[in-house]
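The questions below go through one protein chain, from single side chains to the whole fold. Each answer ends on the value or name asked for.

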Amino acid sequence: MIEDIQTAIPLGFLLSFMIGPVFFVLLETSAIKGFRAGVSFNIGVIIADVVFLLIAYFSSFQLLENLSNQPGLFVFGGMILLIYGIVIFIKKASKKDNVKVSTGTYLSLIIKGFLLNFINIGVLAFWLGLIVIVGPSLDNSPNRIVVFFGTVITIYFITDLFKILLAKQLKKYLTQERIVLIKKGLGVVLIVCGIVLITKGFLPKEKFNIKDGIERISE
């Protein structure tokens, strides 16, 4: 068990720094809305990861292969990211973007984090592949698998807390003009991520070698 935990710790740390739409939205939310808002968003992201892990555990390698034959899923997720990015890019920042958020807003941020992570089918492919690869080394023992991936998720979350704290320090430097620039930059990032996912959907099926891309959570 101790060895499983030691192996999982660096993986959880590295996953927290995987560059993708969630990474940038987490930093933007923390910097503009504060620590609690960032944690709320991150809780939603973690819930989506746990759901994906459960799907991966109770599925099989066949499901992993089926994902590669369903490019429409990539197109669907990519379209949502693309539209969301465009909306953020063209939407004007308001004074509400830099004020204390309410309890209801925290709940909406949890939902936002969950959905933004959940629509990226590449995240599910990653967890599925990791289960397939790591499972045998853990003797496919349910207890060892729970300990390993529980540690990964825990370290992932703790590392994100430090990212949120660092991003929060930027809040006092944010003027209305800088908030606009941050949001437009975030919009561009999401648009690019959306285009990448859509492009995956139109690539030939032989390009969907998920096993070779297992080290990446998303593009």
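Q: Which residue's backbone oxygen does the side chain of S30 reach?
A: This is a predicted model. S30 is found in helix α2, which spans residues 21-33. Its side chain comes to 2.8 Å from a backbone oxygen, and that oxygen belongs to L26.

Q: Is S30 buried or exposed?
A: Leaving aside neighbours within four places in sequence, S30 is in contact with F35, G38, I164, A167 and K168. The relative accessible area of S30 is 0%. Buried means under 20%, so S30 is buried.

Q: How many salt bridges does a search of the whole structure find?
A: One of them joins the side chains of D4 and R144, at 2.8 Å from N to O. Another joins K163 and D160, also with an N to O distance of 2.8 Å. The search of the whole structure gives a count of two.

Q: How far apart in sequence are the parts tied together by D4 and R144?
A: The side chains of D4 and R144 meet in a salt bridge. D4 lies in helix α1 (residues 2-15) and R144 in helix α8 (residues 142-168), so the pair ties together parts whose separation in sequence is 140 residues.

Q: Is R144 buried, partly exposed or exposed?
A: D4, its salt-bridge partner, has a relative accessible area of 7% and is buried. For R144 the value is 22%.

Q: In which helix do K163 and D160 both lie?
A: The side chains of K163 and D160 meet in a salt bridge, and both residues are buried. They are three residues apart, about one turn of the helix, and that helix is α8.

Q: Are the rings of F52 and F118 stacked or edge-to-face?
A: The count of aromatic pairs comes to five. In the pair of F52 and F118, the ring centres are 4.9 Å apart and the planes are at 0°. Planes under 30 degrees apart count as stacked, so this pair is stacked.

Q: How many residues apart are F52 and F118?
A: F52 is in helix α3 (residues 35-57) and F118 in helix α6 (residues 103-118). F52 is buried at 2% relative accessible area, whereas F118 is partly exposed at 33%. The pair links distant parts of the chain, with a separation of 66 residues.

Q: Which residues do ring pairs link into a cluster with F52?
A: F52 and F118 form a stacked pair. Ring pairs also bring another residue into the cluster, so that F52 is joined there with F114 and F118.

Q: Which helix gives the most to the nonpolar patch?
A: The patch on the surface is formed by I86, F89, I90, V188 and V192, with about 420 Å² of accessible area together. Helices spanning 71-90 and 176-202 each supply at least two of its residues. One member, I90, is exposed at 60% relative accessible area. With three residues, the helix giving the most is α5.

Q: How many helices does the chain have?
A: Read along the sequence, the pattern is α-α-α-α-α-α-α-α-α. The chain has zero strands, and its helices come to nine.

Q: What share of the residues in the chain is buried?
A: The accessible surface of the chain comes to about 11500 Å², with 70% belonging to carbon and sulfur atoms. Of the 219 residues in the chain, the buried share is 44%.

How values were computed: Residues are numbered from 1 along each chain as its sequence is written. This is a predicted model: local features need pLDDT of at least 70, side-chain atom pairs count only at pLDDT 80 or more; totals for chains, interfaces and linings use all residues. Side-chain values use heavy atoms; hydrogens and water are left out. Helices (H or I, at least four residues) and strands (E, at least two) are DSSP runs, numbered from the N terminus. Buried means under 20% relative accessible area, exposed over 50%, partly exposed in between (1.4 Å probe, protein chains only). A polar contact is a pair of N or O atoms within 3.5 Å; within protein, one must be able to donate a hydrogen and the other to accept it, and residues adjacent in sequence count only if both atoms are side-chain atoms. Contact means heavy atoms within 4.5 Å. Rings of Phe, Tyr and Trp (its six-membered ring) pair if their centres lie within 6.5 Å; planes under 30 degrees apart count as stacked, over 60 as edge-to-face and the rest as tilted. Patches are made of residues with over 30% relative accessible area and no salt bridge: like charges are joined within 9 Å, nonpolar side chains (Val, Leu, Ile, Met, Phe, Trp, Tyr) within 5 Å. Accessible areas come from the Shrake-Rupley method with a 1.4 Å probe; for residues, only the protein chains shown count as cover. A salt bridge is a side-chain nitrogen of Lys or Arg within 4 Å of a carboxyl oxygen of Asp or Glu.
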